[in-house]
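Subject: Structure for you to look at

Hello,

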Amino acid sequence: MDLEAQFERTVAAEQRVEPRDWMPDGYRKTLIRQIAQHAHSEIIGMQPEGNWISRAPSLRRKAILLAKVQDEAGHGLYLYAATETLGADRGELTEKLISGRQKYSSIFNYPTLSYADVGVIGWLVDGAAICNQVPLCRTSYGPYARAMIRICKEESFHQRQGYELLMTMMSGTDAQRAMVQESVNRWWWPSLMMFGPPDAESSNTEQSMKWRIKRNTNDELRQKFVDMTVPQARKLGVTLPDPELRWNPERGHHDFGQPDWDEFWQVVGGNGPTNAQRIAHRRKAHEDGEWVRAAAAAHAAKHAVREGVA
Amino acid sequence: MSSSWPLWEVFVRGKRGLNHVHVGSLHAPDAEMAVRNARDVYTRRNEGVSIWVVPAAAITASSPDEKDPFFEPSGDKVYRHPTFYEIPEDVPHL
């Protein structure tokens, strides 16, 4: 049978494409770009929260935050490994990230100004990520889908620890409650931007939906996130900073306002509050680690020679 | 990060009594580091009691291109399955 027809039949039948199967070049390229961008987001995403590890208010909170940041590293590694099954080179992807040629989620270009941000990131940012990622557990490319299943299981811890942290702060002093509200005000709109531009402006959606590497449109997922989050905010006792936000009984969904898309495109274009800082930090970590990579390789080479002799 | 470090495939035994199952891959300079990295990457939540790492280059796989002819010999041997045999319903324990 014609290879392309066989590929399309596999995807349409909701079966998985595996690494050694024939696939169209466009499918491979789009997947590498999408998975790498996701991997980069996990790796860069370690920075805003890592910022608070040394200042977490108790040993318990510190241990939780460390575990969470370590998870983000693990998620990045699952995803980089998935890109390699498509023929991507790990070193090249890192190079593309630190030279700014590949992107990561715009959300990580905002600074974490208060400790409440740790909770709000877990609740809203990881909550939005879960909305995006759960449908990808059924994506057509096998290694990607399997990585997403692992990631989603772990994200659930991230979201719950964030919400619990905020509940604790909300039951504290007025100053603590104000700190949570201020943090929600800053993160709400960037969280809505995480789903990408409105469907009408999203160039990749149609083909990606056909290939089953995207399962819902940006606007569908954004709606789902808002509907999920409103009762959580009510329970928490915070106000989501959108005057247009209200329940629409006819639609059976919440109506809500649009984020500032000009800001979104500015941040995507590299002009967000911390774009330069994030990349500089990642580049420095990579360069500072060079001697460790070289030493480990030299150690392995030395032992390979010895064992070869023996 | 290190295209110079070889790629290892990682297999984890979830608990005693189960087979090792492929969970993913990673880069490491040698087998010992591959096992340690595999522990940190793939078993942060008690997912395993035993880890195997295998150099990815050492794996030989059947080719997907010859999928149909390669597995065809078992396709027409319906007599290998217990349901092939008709036994009266009143024969017990069979």
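Let me start with the shape of chain B: its radius of gyration is 21 Å, whereas a compact globule of 94 residues would be near 12 Å. Please keep in mind as you read that this is a predicted model. The C-alpha trace of chain B spans about 65 × 35 × 15 Å along its principal axes. In secondary structure, chain B comes to two helices and three strands, and from the N terminus on these follow the order β-β-α-β-α.

Some other values go with that picture of chain B. Of its 94 residues, 22% count as buried. If you take the contacts in chain B between residues at least 6 apart in sequence, 41% of them join residues at least 24 apart. The chain exposes about 7,000 Å², and carbon and sulfur atoms supply 55% of that area. Chain B also carries 10 positive and 13 negative charges, whose mean positions are 13 Å apart.

Now to chain A. Taken along the principal axes, its C-alpha atoms fill a box of roughly 70 × 50 × 35 Å. You will find 13 helices and two strands in this chain.

In chain A, 52% of the 310 residues count as buried. Among its contacts between residues at least 6 apart in sequence, 78% link residues at least 24 apart. Chain A exposes about 14,700 Å², with 56% of this coming from carbon and sulfur atoms. Its charged side chains number 39 positive and 39 negative, and the centres of the two sets lie 5 Å apart.

How do the two chains meet? The contact takes 24 residues from chain A and 20 residues from chain B. On the chain A side, A:Arg20, A:Arg150 and A:Arg293 lose the most area to chain B, and together they make up 27% of what that side buries. The area buried between the chains is about 1,900 Å², and carbon and sulfur atoms give 52% of it.

A:Ser114 counts as buried because its relative accessible area is 10%, against a cut-off of under 20%. Beyond its neighbours within four places in sequence, A:Ser114 is in contact with A:Trp52, A:Met179, A:Ser183 and A:Arg186.

The other is A:Leu124, which sits in helix H6 of chain A. Its relative accessible area is 0%, so A:Leu124 is buried too. Which residues does A:Leu124 touch, not counting those up to four places away in sequence? They are A:Trp187, A:Trp188, A:Ser191, A:Phe225 and A:Thr229. A:Pro190 is 66 residues from A:Leu124 in sequence, and their C-alpha atoms are 9.6 Å apart in space.

That is what I have for now. I would be glad to hear your thoughts once you have had a look.

Best wishes

Terms used: Residues numbered from 1 in each chain as written. Chains lettered and ligands numbered in written order. Predicted model: local features only at pLDDT ≥ 70, side-chain atom pairs only at ≥ 80, totals over all residues. Heavy atoms only, no water. Helix = DSSP H or I, 4+ residues; strand = E, 2+ residues; numbered from the N terminus. Rg over C-alpha atoms; globule rule 2.2 N^0.38 Å. Buried < 20%, exposed > 50% of the residue type's maximum accessible area, 1.4 Å probe, protein only. Contact = heavy atoms within 4.5 Å. Areas by Shrake-Rupley, 256 points an atom, 1.4 Å probe, with all protein chains shown as cover. Lys, Arg positive; Asp, Glu negative; His and termini not counted. Charge placed at Lys NZ, Arg CZ, Asp CG, Glu CD. Buried area = accessible area lost by both parts, 1.4 Å probe.
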